[in-house]
Amino acid sequence: MRQEQLVCLIILCFPLYDSRLHWLRGDDDPYLNKYGHFSERERLEMLEEAKKMFYFGYENYMKYAFPLDELDPIHCTGRGPDRENPSNININDVLGGYSLTLVEALDTLAVMGNASEFQKAVQLVIDNVSFDTGSVVQVFEATIRVLGSLLSAHLIITDPQQPFGDMAPPDYDDELLEMAHDLATRLLPAFENTATGIPFPRVNLSTGVHPECINHTCTAGAGTLLLEFGVLSRLLADPVYDFYAHQAVAGLWKYRSNVTGLLGNVINIQTGEWVGKLSGLGAGLDSFYEYLFKAYILFGDERYLQMFNESYETIKFHMRKGRERCNFGEGNSPIYVNVNMMTGEIFNTWIDALQAAWSGVQVLAGDMEEAICSHAFYYSIWRKYDALPERYNWQLKAPDVSFYPLRPELVESTYFLYRATRNPFYLHVGREILTSLSTHTKAKCGYGTVHDVETKELEDRMESFFLSETCKYLYLLFDKDNHVNTALSRYLFTTEGHILPIDRRWRSKPWEEEEDGLDEEEKAASVIDVRHNNSNVAGHDRYILVQILDKGTPESVLLWEVSTQRRGHTSQCDPVSTESRYFLPVRSSYFAQMERAVGLN
Ligand code: DMJ
């Protein structure tokens with residue numbers, strides 16, 4: 001062949017080869033074009049943006065609001081409890097007059113590696129925060145926001161490895177643990193004088209439960225204390241907190257419907273009668289399920305695993321609508337709806353923003369394909385509004401309740417899905433969330449609650465979970481080398497995004513066993529490493545595990561271990577399909593169907 005002929009052949013053949021390559025890779029698929037790749041440069045840019053977002057909120061809070069609880073980002077002032085209007089529970093349930101936003105920001109500072117500011121902030125908390133405030137707060141909110149944060153920061157400070165940098169303030173003497181102890185003790189009156197063991201929803205931090213305190217509580221409020229109370233008990237070797245948190249869950253569990261197996265959203269703590277019969281995965285119930293599973297991960301207590309497994313099957317049976325598989329078959333996009341706990345019939349036609357955390361729980365539980373679809377549906381809603389409305393009516397394709405208070409749930413699930421799949425799709429989702437937040441919620445001195453997702457009008461309030469959760473998950477999504485990510489199998493996020501080490505210490509109850517059989521050296525190295533714990537793994541699962549280990553993704557090992565245990569055997573882990581890992585997690589046609597379902601096109 002002459003040289004000119006060869007050149008001609010190459011020129012003629014190249015387009016054919018190229019177009020075949022496009023076909024093979026699906027490059028003509030608009031979704032794959034949009035989501036198929038995320039460069040290192042883009043990742044670093046987003047990491048920087050996430051960091052800036054946190055510091056803009058944090059520094060403005062410190063400048064304009066501290067020592068009050070929250071920042072008003074439009075008027076550049078602070079706010080504390082609404083003492084003039086005790087019935088303003090939207091504010092008073094959360095703001096206890098204890099520098100809430102500073103307390104909540106502590107472990108985000110550590111995760112970002114800012115040792116000097118972390119130490120300074122810890123000292124400010126120690127010097128300024130008191131719980132003898134006379135504030136009437138919700139037991140749930142005080143626990144997940146304040147108690148959880150104090151414990152997390154204490155454990156970061158006392159970690160002998162100091163993986164985030166030198167976080168220990170000079171002369172630290174367990175003050176944060178003492179504060180956690182003090183706060184939890186002030187919450188205990190909520191567990192007295194209840195006939196069911198389910199706590200009162202609110203306490204006055206100085207005087208206990210008011211004689212006229214309402215006898216109703218929501219399921220999540222009473223059933224989301226296990227992690228914080230359990231860790232505190234173990235640190236203090238005092239069973240009382242662990243006991244009460246367990247008793248609350250056992251009380252709720254006892255009253256589940258004997259027809260459907262479902263729980264409602266509001267219960268009378270004296271009679272066990274369900275005042276709210278809505279059963280769903282959003283407000284009032286969300287973190288109840290999350291904590292059953294996380295309590296099993298942290299404490300290894302099989303009772304919680306059994307409750308979670310039973311709940312999971314029941315939820316799927318009654319609440320899940322749509323086609324059977326996320327990425328296969330015919331029918332509507334899968335969706336989890338609210339049902340009547342007594343009958344399983346559809347209760348209403350809205351889903352709420354809190355339910356977006358459910359796909360994160362599904363990732364932990366190893367139900368990956370379900371997690372992918374649950375998340376993708378919420379992401380479609382986000383794309384429609386650049387935010388999540390508090391309630392979205394899936395029948396009317398419109399918000400039922402229109403505000404968005406900077407909630408973290410969608411980015412939380414996005415983070416978990418990215419860690420489990422490493423699919424660049426989730427980095428794109430994270431970037432869109434970050435961009436929407438910068439574009440629509442940035443105010444003069446911080447980030448504001450969106451009053452109406454359609455008009456983007458803002459309210460003058462920056463909730464503390466914006467710094468403890470929304471910014472933390474965004475940052476961790478893009479910070480691939482962060483210690484939390486490289487050792488994810490050793491950390492558990494509380495429902496408020498505070499990190500707790502998964503540690504063998506939590507597996508025993510010091511008040512039950514004087515001697516747990518470990519010598520001092522073993523105790524020092526007692527962080528659970530599931531990689532050394534796989535001796536009874538067989539066949540296919542061992543193959544998957546070896547693959548995971550070879551790829552150096554320790555978090556997947558934990559997901560693998562807990563998911564196989566959740567299913568009660570070792571052969572039904574739901575590994576992410578090759579297609580989901582390297583192409584789009586949801587097939588393009590199903591993705592387009594979701595867009596139509598929310599009226600996006
Ligand atoms: C947080 O306070 C927690 O995540 C809680 O479980 C419910 N959601 C809010 C933030 O949206």
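Colleague: Where do Phe54 and Tyr58 lie?
Modeller: Both sit in helix H3 (residues 40–65). They are four residues apart, about one turn of the helix. Bear in mind that this is a predicted model.

Colleague: Are the two buried or exposed?
Modeller: Phe54 and Tyr58 are both buried.

Colleague: How many aromatic pairs does the structure hold?
Modeller: It holds 35 aromatic pairs. One of them is Phe54 with Tyr58. Their ring centres are 5.6 Å apart and the planes are at 10 degrees, so this pair is stacked. The cut-off for stacked is under 30 degrees.

Colleague: What about Phe416 and Tyr473, how is that pair arranged?
Modeller: That aromatic pair is tilted. Centre to centre is 6.3 Å, with 55 degrees between the planes.

Colleague: Which helices do they come from?
Modeller: Phe416 is in helix H16 (residues 409–421), and Tyr473 is in helix H18 (residues 465–478). The pair therefore ties together parts that are 57 residues apart in sequence.

Colleague: And their relative accessible area, what is it for Phe416 and for Tyr473?
Modeller: Phe416 has 8% and is buried. Tyr473 has 0% and is buried too.

Colleague: New topic. Which residues do ring pairs link into a cluster?
Modeller: Phe288, Tyr289, Phe293, Tyr296, Phe308, Tyr312, Tyr336 and Trp358.

Colleague: Now charges. What lies over the face of Phe299?
Modeller: Arg234 does, at 4.1 Å from the ring centre.

Colleague: And over Phe56, which residue is there?
Modeller: Lys442 lies over the face of Phe56. The distance from the ring centre is 4.4 Å.

Terms used. Residues are numbered from 1 along each chain as its sequence is written. This is a predicted model: local features need pLDDT of at least 70, side-chain atom pairs count only at pLDDT 80 or more; totals for chains, interfaces and linings use all residues. Side-chain values use heavy atoms; hydrogens and water are left out. Rings of Phe, Tyr and Trp (its six-membered ring) pair if their centres lie within 6.5 Å; planes under 30 degrees apart count as stacked, over 60 as edge-to-face and the rest as tilted. Helices (H or I, at least four residues) and strands (E, at least two) are DSSP runs, numbered from the N terminus. Buried means under 20% relative accessible area, exposed over 50%, partly exposed in between (1.4 Å probe, protein chains only). A charge sits over a ring if NZ of Lys or CZ of Arg is within 6 Å of the ring centre and within 35 degrees of the ring normal.
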